[in-house]
Amino acid sequence: AAQTMTGTMRLLGRILARFRAARAAPPGGYGPEVLFAGWVELPEAFRQAVWLRDVDEFSYAEIAEMLSVPAGTVMSRISRGRRMLYDRLHHLKAAHV
């Protein structure tokens with residue numbers, strides 16, 4: 001369980017770093033618990049693809065082979081999964097204002 005939480009926190013850190021690099025406003029003021037809550041709400045297919053890419057650092061081709069889907073599907077799931085997480089965190093922020 002501790003290893004999973006550590007990996008999740010690395011992933012969330014990378015996602016936030018991507019928001020900063022893209023100059024998008026990262027969801028501010030949230031601790032690990034809220035970030036984790038947003039993460040676990042993602043549908044499994046998206047969570048799995050994002051995890052394999054951003055935490056385990058597999059290539060798109062490797063992930064496609066592991067999941068038995070085309071590389072384009074992998075890229076789409078990663079992009080949509082990151083976006084869903086971002087949107088969920090913004091939704092949580094609006095609900096707590």
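Guide: In helix 4 (residues 60–67), the buried residues are Ile-63, Ala-64 and Leu-67. They lie on the same side of helix 4, because they cover an arc of only 105 degrees around the axis. A word on the source: this is a predicted model, in which local features need pLDDT of at least 70 and side-chain atom pairs count only at pLDDT 80 or more, while totals for chains, interfaces and linings use all residues. Residues are numbered from 1 along each chain as its sequence is written, and side-chain values use heavy atoms, with hydrogens and water left out.

Visitor: How should I read the words "buried", "exposed" and "helix", and what is the arc?

Guide: Buried means under 20% relative accessible area, exposed over 50%, and partly exposed in between (1.4 Å probe, protein chains only). Helices are DSSP runs of H or I with at least four residues, numbered from the N terminus. The arc is taken from the directions that run from the helix axis to the C-beta atoms.

Visitor: Which residues are exposed on the other side of helix 4?

Guide: Those are Ala-61 and Glu-65. Just after helix 4 comes Ser-68, with a positive phi of about 55 degrees.

Visitor: Let's turn to salt bridges. What counts as one, and how many does a search of the whole structure find?

Guide: A salt bridge is a side-chain nitrogen of Lys or Arg within 4 Å of a carboxyl oxygen of Asp or Glu. The search finds 3.

Visitor: Where do Arg-47 and Glu-44 lie?

Guide: Both are in helix 3 (residues 44–55); they are 3 residues apart, so about one helical turn separates them. Arg-47 is buried, with a relative accessible area of 19%, whereas Glu-44 is partly exposed at 47%.

Visitor: Which parts of the chain does the pair Arg-82 and Asp-54 link?

Guide: The side chains of Arg-82 and Asp-54 form a salt bridge at 2.5 Å, N to O. This pair links distant parts of the chain: Arg-82 belongs to helix 5 (residues 71–95) and Asp-54 to helix 3, 28 residues apart.

Visitor: Are Arg-82 and Asp-54 buried or exposed?

Guide: Both are buried.

Visitor: And what about Asp-87 and Arg-83?

Guide: Their side chains meet in a salt bridge at 3.8 Å, N to O. Both residues lie in helix 5, 4 residues apart, about one turn of the helix. Asp-87 is partly exposed at 40% relative accessibility, and Arg-83 is partly exposed with a relative accessible area of 45%.

Technical notes. Helices (H or I, at least four residues) and strands (E, at least two) are DSSP runs, numbered from the N terminus.
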